[in-house]
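Here is a short tour of one model for you to follow along with. Please keep the viewer open as you read.

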Number of protein chains: 2
Amino acid sequence: MTEKASVLLVGGGSVGAIAALNLEVGNQAAVTIVCRSNYQAVKHNGYNIRSCDHGTIQRWEPSRIVNTVPQTDRDGRPFDYVVCVTKNVADVPPPLSDLIRPAVAERTVIVLIQNGLNIERPMFAAFPANVVLSGVSMIGASESKPGEIEQGFNDILYIGPFRNPNLEGDQETAAAHAFVRMYGAGGKTQCEFNADVGWTRWRKLVYNACLNPICAITDLDTGRIRLADGAIEGLVRPAMKEIIAAAKASGYQLPPTIADDMINMDPLDLYLPPSMLQDLRKDNYIEYETILGEPLREGEKLGVPMPTLRVLYHLCQAIQWKNKEARGLVSIPPKGDFTAS
Amino acid sequence: MTEKASVLLVGGGSVGAIAALNLEVGNQAAVTIVCRSNYQAVKHNGYNIRSCDHGTIQRWEPSRIVNTVPQTDRDGRPFDYVVCVTKNVADVPPPLSDLIRPAVAERTVIVLIQNGLNIERPMFAAFPANVVLSGVSMIGASESKPGEIEQGFNDILYIGPFRNPNLEGDQETAAAHAFVRMYGAGGKTQCEFNADVGWTRWRKLVYNACLNPICAITDLDTGRIRLADGAIEGLVRPAMKEIIAAAKASGYQLPPTIADDMINMDPLDLYLPPSMLQDLRKDNYIEYETILGEPLREGEKLGVPMPTLRVLYHLCQAIQWKNKEARGLVSIPPKGDFTAS
C-alpha cells in the first residue's frame, strides 16, 4: 500500500468536517483540519456527525486538529494538498491566499471547495506555480452547535482544474483525477471529475446568486420562500433568468429546467436555510462578492441587463457593512441629540 | 367663543399623540383618542412627551382616551372629524373603513394623516357622501416605550381635499381650510392648506418608497444608510429616480433637488430609523402596499421602468408574509425530517 497523502483541510465547519470524513474513510489521506470558532469543541469532543452518507458517528476525529495553518504535517512533510472549505469573504481581510501561504509548498495542490466565480485569480497571483483545483459541492450540511454536524443530502463533489495558462493542462487534469480517486475511495460519497469547471460554477450560481441572497435578505428559508406571497415569481425567477442569461453570454448554456431544478432542490418541508442565511443568523460575514458580485460584474460586462441581481447585490453590500460596523471594521460619527425647545 | 369641534383621533402612537396635542392646545377641538397597544399605559399615566415644538410635558392627556372606536363623543354628539393616524396596512384585514365606520356620521369629515397613494379610494367607496381630506405629515417622531413620545423635528402638516367626484369641490376645500385653522390655532405647529394633494404625496414618496423600505430591508437607519458602502448610489438614488419618473408620468414635476433633499433630510448623526424600520423592529406589519406597491403599479401602468422598486416591493412582500406567518395569519406544512441512513 502506498503512503497516505498528507492533506491540510482549512475550515472545520459542516462542509469541512464531512470532507475530512470522506477523505479519511478512503484510507488514502491523512487529514490535518484547521478549525477556528469550533476548535475547542472539536479538539475536546471530536465531531458528532449525523449524515445521510455516513450514518451517525460520535466523537469522530480526523488525524490532527489544529487552530492555525501549519507549515508541514506532524511528520514534517510538506502538504500534498491544501483544501480550502472556508467561506470566501473576498471583501474582508486577510485574503485566503495569505492565510494558507505557510502550508503551500512547491508541489502542493490547492483545492478550492468554495462557491462563486473568479476565486482562482488571487490564488494564481499568489501561487503561480501550483496547481489549483475547483471543487463544487452540492452538499446540504449545517453545524447546529460547535462540532455538531448534520448532513441531510447525499454529497456530490465536482473536481476539475482551474486552467492556469502558466502550467501544463495535462498536469492539472492529472492532479484533479488523483484527488477524485482519493476523495471517493471510501465509497460513501460521490466525487466526479469535472472537465468544464466554468459550466459547473455557473450552474450552481443559479441557486447561489439568487435563492441564497434572497433567503438571506428576507430571513426566509428555502421552504418558506416557496410559500411566501410572490417571492418565487417576483424575485427568484427574475434573478435566475438574469444568471442564466449571463452564463449564456459567458459561453455556458444551462439546461432549460435549471431554474425549477434549483427552486425545488431542497425539500420544502425541511425548511433549510441556505448558507448566507445561516451566516447572517450567526452574525457571520456573507460571501456575497464571489457568489453575487462577480457574476453580476461578468454579466454586465457582457451587456446582460441584471437589474434584480444589482439590487440584491447592493442590499447584501449594505448588510455586510452593518456586520463590519458591529465588529468594529468601520467606524461612524458619534450619536448626536436633538434639543427639546 | 364657539363650541369646540369634536374630533375622534384613531391611532395613539407617536404621530397621533403629537396630533392630539396640537389639536387640544389650540383650544378649538376636544379629542377622543383611540389607543391600541399602548392603551393601558396612556390611560393610567398619560403621555410623556419630549418635543421640539412643545417642550417636555409629563402625563399629558387628551380629553378622552378609549380603546375601541365609539359612535359618538362623551356628550353623545356625532364626531365632526375622524382623523386617522394609524398605519395603513392595506394587505392585512380589517380595512380601515370598517374600523372607523361606527364613528362616521352624516357630516363627519374624514382626515387621513397617512402615507402613500390611493388611500382615499376605499374611503370614497365606504363613505361616498363624506368629505375625505389628505394629511401629509413631515413629522419625525417615535414611541420608545408605550406612551413615551419623542418628536425630534418641527412638524409640518399639509392638509388638502381628496377630490371626490360625487361631492362639490368648494365644500371639500372649505372643510380643509377649517381643519387647517383648528389644527394650527395653538401656534406651536405648522399646518398648511395644500391644494395639490397628489404633488405633495408623490413628493413624500421620494423618501417613503425608497429610503424607508431600503432602511427596513437592510436594518440600517437613515444615518447609517448614508455611510454604508454603495447604498446611496447603488440603491437609494436609483429608486428615487424611478419614483421621480413615475411622478412625472403621473403629471407631477418634482423639484430637481428632491433626491438630495430627501437623502439629507434626517440629520445623519441622529441615526433615525424610518417608520418601516421602526415597525419591523417591533415585529409590526409594514405599510408597503400604499407607500411602495401603489406608486410602483401607477408608474408601471404608465410605462415607467421601475426595476429597483419592483425588487424592493417583492422583498417587502416576502418580509410581510414572514410577519403574517409569525402571527398565524398564514400557515405552512409541518416540518419534516431527513433519515440518517
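## Ground rules

A residue counts as buried under 20% relative accessible area, exposed over 50% and partly exposed in between, using a 1.4 Å probe and protein chains only. This is a predicted model, in which local features need pLDDT of at least 70, side-chain atom pairs count only at pLDDT 80 or more, and totals for chains, interfaces and linings use all residues. Residues are numbered from 1 along each chain as its sequence is written, chains are lettered from A in the order in which they are written, and side-chain values use heavy atoms, leaving out hydrogens and water.

## Helix H5 of chain B

Helices here are DSSP runs of H or I with at least four residues, numbered from the N terminus.

Buried residues of H5(B) include Glu172(B), Ala176(B), Phe179(B) and Tyr183(B). Seen down the axis, the buried residues of H5(B) fall within an arc of 170° (from directions between the helix axis and the C-beta atoms), so they line one face. The face turned away from that side carries the exposed Asp170(B) and Arg181(B).

## Where the chains meet

Contact, meaning heavy atoms within 4.5 Å, links 47 residues of chain B with 47 residues of chain A. The buried area, the accessible area (1.4 Å probe) lost on putting the two together and summed over both, is about 4100 Å², with carbon and sulfur atoms giving 65%.

Four salt bridges are found across this interface, each a side-chain nitrogen of Lys or Arg within 4 Å of a carboxyl oxygen of Asp or Glu. Asp219(B) and Lys322(A) meet in a salt bridge at 3.7 Å, N to O.

Technical notes:
Helix = DSSP H or I, 4+ residues; strand = E, 2+ residues; numbered from the N terminus.
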